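This report is written to be read beside the sequence and the structure. Please keep both in view while following the sections below.

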Amino acid sequence: MTSADVLQFVASGLQNGAIYALVALGFTLVFASTGIINFAQGEFYMLGGMLVAAGVAAGVPLGVSVAGAVVITSAVGCLIERAVLRPVRSAGPLALIIITIGCSMLLKSWIRHLFGPDERAVPPFSGSEPVALAGALIQPQVLWVLGITVVAAAGLTVLYRWTRLGLAMRACSISHDAARIVGIDTARVVMLSFGLSGALGALAGAVVAPITQTAYDVGARMGLKGFAAAVLGGLGDPVGAIVGGLVLGLLESGAVAVVSGTYKDAVALVVLLLVLVLRPQGIIGRHLGEKL
Amino acid sequence: MRGKPVRALAALTAIVLASAGLAGCGAKQEAGGGGETKKEPYRIGVVVSLTGTYAGLGTPEKQAMEMERDRINAEGGVNGHPIELIFEDDATDPAKAAAAATKLIDQDGVIAIIGATGTAQTMAMRSEIQRAGVPQVSMAGGSVITDQFDPLVFQTPWPNRVVVPFVLKAIAKKGYTKIALISDTGGFGKDGHDIIVKEAPAAGITIVADETFNPGDTDVSSQLTKIRAANPDAVLMWNAGKEAALVAKGMKQLGMKQPLFGGHGNARKEFIEGAGDAAEGFVFAAGKILIPEAYGTGTEAYKVATDFIESFNAKYGKAPDTFAGHAHDALMIVVDALRRVEGEVTPAKLRDAIEQTKGLVGVGGTFTFSSTDHNGLSESDIVLYRVENGAWVLDER
């Protein structure tokens with residue numbers, strides 16, 4: 001195995017890892033402000049890709065399609081919180097989590113009904129000629145994936161650390177009651193976190209679609225990977241989501257390089273289990289023990 | 001509550017999600033006959049993948065059968081009986097396919113089952129088929145379906161054992177002797193993989209790299225990096241899903257100039273759309289329906305195929321693919337046999353009649369079954385195509 005090959009494995013791992021990280025960020029956002037896992041997160045990813053594909057097919061410029069997909073999915077996220085989850089929020093986290101699974105099935109069936117079962121192609125944002133990066137060859141679209149992940153991570157960090165909304169979100173994650181006492185509109189914060197996780201998921205789906213194509217059924221698998229990445233890094237921690245995603249991507253790529261593509265998913269899951277046993281709060285997670 | 005219950009909860013929900021995701025939504029559609037015929041309808045069960053990985057294959061299959069059913073019933077049915085098709089979605093899940101077979105047999109009392117779309121799903125139905133003694137006509141391409149021979153089971157597509165040697169010979173004829181193999185771990189890909197490994201020496205071909213990916217994977221560049229390191233003359237991929245475009249694009253990304261070959265699982269327009277210019281030069285084997293001139297104009301097969309293509313186009317506004325063709329053939333085989341059954345139709349009599357099918361011209365080829373051959377197709381029913389300027393052309397050898 002030459003050094004160029006090794007670099008190629010790393011590049012491939014980072015590419016997939018960045019995607020997992022974006023989806024994991026969505027899980028983390030919702031978990032941090034509500035304490036529940038939103039299993040419709042994978043469908044946000046699917047919606048992003050499919051709406052862009054539909055927009056492009058209808059002749060809408062690519063940039064507008066991406067923006068539209070992000071806005072619509074974000075609205076869907078808000079809607080799920082406002083119309084489906086909020087009315088039954090006293091039912092407890094398990095019921096809410098199961099409801100999000102229901103929402104994911106609904107979204108999936110709805111998109112399949114609207115757009116059919118076939119996979120759809122989306123043109124790359126900027127050219128398809130491979131570029132060399134430190135010895136590894138990558139599609140230009142991968143630069144978009146990595147760039148958007150970095151921007152999203154930076155944006156979230158700024159939001160969490162230095163804005164009133166971020167402060168409110170962190171307050172909610174510590175205690176809803178206390179947050180309400182100091183005057184935070186917790187219901188609004190929760191809805192916004194769903195909207196934001198929808199936007200993140202859609203952005204991930206849109207930026208990946210030119211590489212992988214997209215279809216109505218890509219959500220469940222990506223949801224599982226993103227969830228695994230979020231748990232791996234530490235649920236509820238944005239930095240953890242990024243680290244977890246990248247580690248998972250690199251693990252998978254390494255598994256293919258050393259073992260075989262057949263066992264890629266298995267190797268990643270075994271490592272996930274090991275991490276959970278040895279370090280239950282995730283690689284860099286801190287808050288989980290205090291949660292709930 | 002401290003951390004542990006939260007994680008237990010998360011693990012539980014992950015499991016629920018996984019099973020829910022795999023299961024999809026079991027859309028069950030019942031479809032009655034068209035014409036107002038007096039006699040009892042012949043009830044035929046159909047198991048297709050309308051959701052899941054093979055949804056893109058199962059949907060045109062269902063469309064083709066609905067179209068043919070309406071045509072047959074409009075023409076007065078079979079021996080005066082209308083045809084009733086009862087569709088079940090297996091969600092590309094073998095367990096659901098088996099459950100669908102049970103339902104069709106026990107609740108609907110069907111006389112035959114057409115399906116499934118996929119190889120693993122077809123095999124999963126076998127114990128139910130054997131229990132009830134109902135004939136089954138599968139639309140899946142895995143060799144195992146007719147290699148693990150069962151008197152009740154028939155198959156309409158060209159199985160891998162027919163297509164693989166054909167493709168290997170074509171590769172050797174073009175002068176490539178060292179190939180890399182990349183296949184998926186699904187039923188069709190695994191079946192093809194095993195036959196390729198077995199048949200390659202006979203064609204004078206050495207396999208220098210053997211990589212796999214899982215259906216649903218979104219990246220295969222790690223596998224291709226290993227293939228690139230093995231420096232093959234050509235790359236052969238064997239799968240039946242959307243990952244094919246990833247292979248073609250990945251090769252372009254890694255600067256691999258080797259020609260890419262494939263099988264009948266890649267005969268889909270979505271592959272060309274997904275891979276874009278990376279699909280250029282891709283050579284694959286498939287049935288003649290993609291370019292009907294391959295049948296030879298003036299032959300009966302040409303007429304059957306062009307009729308089918310025209311009515312499909314008129315009804316659905318798109319050309320049928322090979323999978324729609326397999327479904328057309330499956331229904332036609334059952335209907336042809338029904339016409340030949342004397343007296344009251346029972347599953348056993350229908351099975352015997354299907355086995356006696358002789359010289360039946362379909363879209364996928366001309367079917368002649370025997371007590372040892374339940375597929376009846378040969379290499380003469382497939383041709384080699386090449387992708388050129390985003391479309392299929394015949395690859396002259």
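## A covered helix and the residue after it

Helix H10 of chain B is followed by B:Gly255, whose phi is positive, near 70°. The model is predicted: local features need pLDDT of at least 70, side-chain atom pairs count only at pLDDT 80 or more, and totals for chains, interfaces and linings use all residues. Residues are numbered from 1 along each chain as its sequence is written, while chains are lettered from A and ligands numbered from 1 in the order in which they are written.

A residue is called buried if 20 or more other C-beta atoms lie within 10 Å of its own, exposed if 12 or fewer, and partly exposed in between, with C-beta atoms placed from the backbone. The buried residues of H10(B) include B:Glu243, B:Lys249 and B:Lys252. Helices (H or I, at least four residues) and strands (E, at least two) are DSSP runs, numbered from the N terminus.

## The two domains of chain B

Chain B is assigned domain 1 (27–158 + 302–378) and domain 2 (161–291 + 382–394); such bounds come from an automatic or database domain assignment. The centres of the two domains, taken over C-alpha atoms, are separated by 29 Å.

In domain 1 of chain B, 22 residues are in contact with 21 residues of domain 2, where contact means that the C-beta atoms, placed from the backbone, lie within 7 Å. On the side of domain 1 that touches domain 2, the elements giving two or more residues are helix H4 (119–124), helix H6 (144–147) and helix H13 (322–340) of chain B. The residues on that side divide into eight nonpolar, 12 polar and two charged. Here Ala, Val, Leu, Ile, Met, Phe, Trp, Tyr, Cys and Pro count as nonpolar, Asp, Glu, Lys and Arg as charged, and the others, Gly among them, as polar.

## Parallel strands around S2

Strand S2 of chain B covers residues 42–48, and six of its seven residues are buried. Which strands pair with S2(B)? Strand S3 pairs with S2(B) in the parallel sense over seven bridges, and strand S4 (residues 112–115) runs parallel to S2(B) and is joined to it by four bridges. Pairing requires that DSSP find at least two bridges between the strands. B:Val47 has B:Glu88 as its bridge partner in S3(B) and stands opposite B:Gly115 in S4(B).

From S2(B) the chain passes through helix H2 (residues 55–74) to S3(B) in a right-handed β-α-β crossover. A crossover is right-handed if, with the strands pointing away from the viewer, the path from the first strand over the helix to the second runs clockwise.

## Parallel strands around S7

Strand S7 of chain B (residues 178–184) is mostly covered, with six of its seven residues buried. S7(B) pairs with strand S8 (residues 206–213) in the parallel sense over seven bridges, and five bridges join S7(B) to strand S9 (residues 234–238), which runs parallel to it. B:Leu181 stands opposite B:Asp210 in S8(B), and B:Ile182 stands opposite B:Met237 in S9(B).

S7(B), helix H8 (residues 187–199) of chain B and S8(B) form a right-handed β-α-β unit.

## The largest nonpolar core

A nonpolar core is a set of buried Ala, Val, Leu, Ile, Met, Phe, Trp, Tyr and Cys residues joined through C-beta atoms within 7 Å. The largest one has 214 residues, and those with the most contacts inside it are A:Leu203 and B:Val334. Helix H1 (residues 3–34) of chain A gives the most to this core, with 17 residues. Leaving aside neighbours within four places in sequence, B:Val334 is in contact with B:Ile44, B:Ala112, B:Ile114, B:Val137 and B:Ile354.

Most residues other than glycine have a negative phi, and most peptide bonds are trans. B:Gly115 and B:Ala116 are joined by a cis peptide bond, with omega about 5°.

B:Thr92 has a positive phi, near 55°, and B:Asn231 has one near 50°. Are these two residues buried or exposed? B:Thr92 counts as buried because 29 other C-beta atoms lie within 10 Å, whereas B:Asn231 counts as exposed because it has 12 C-beta neighbours inside 10 Å.

Key:
Contact = placed C-beta atoms within 7 Å.
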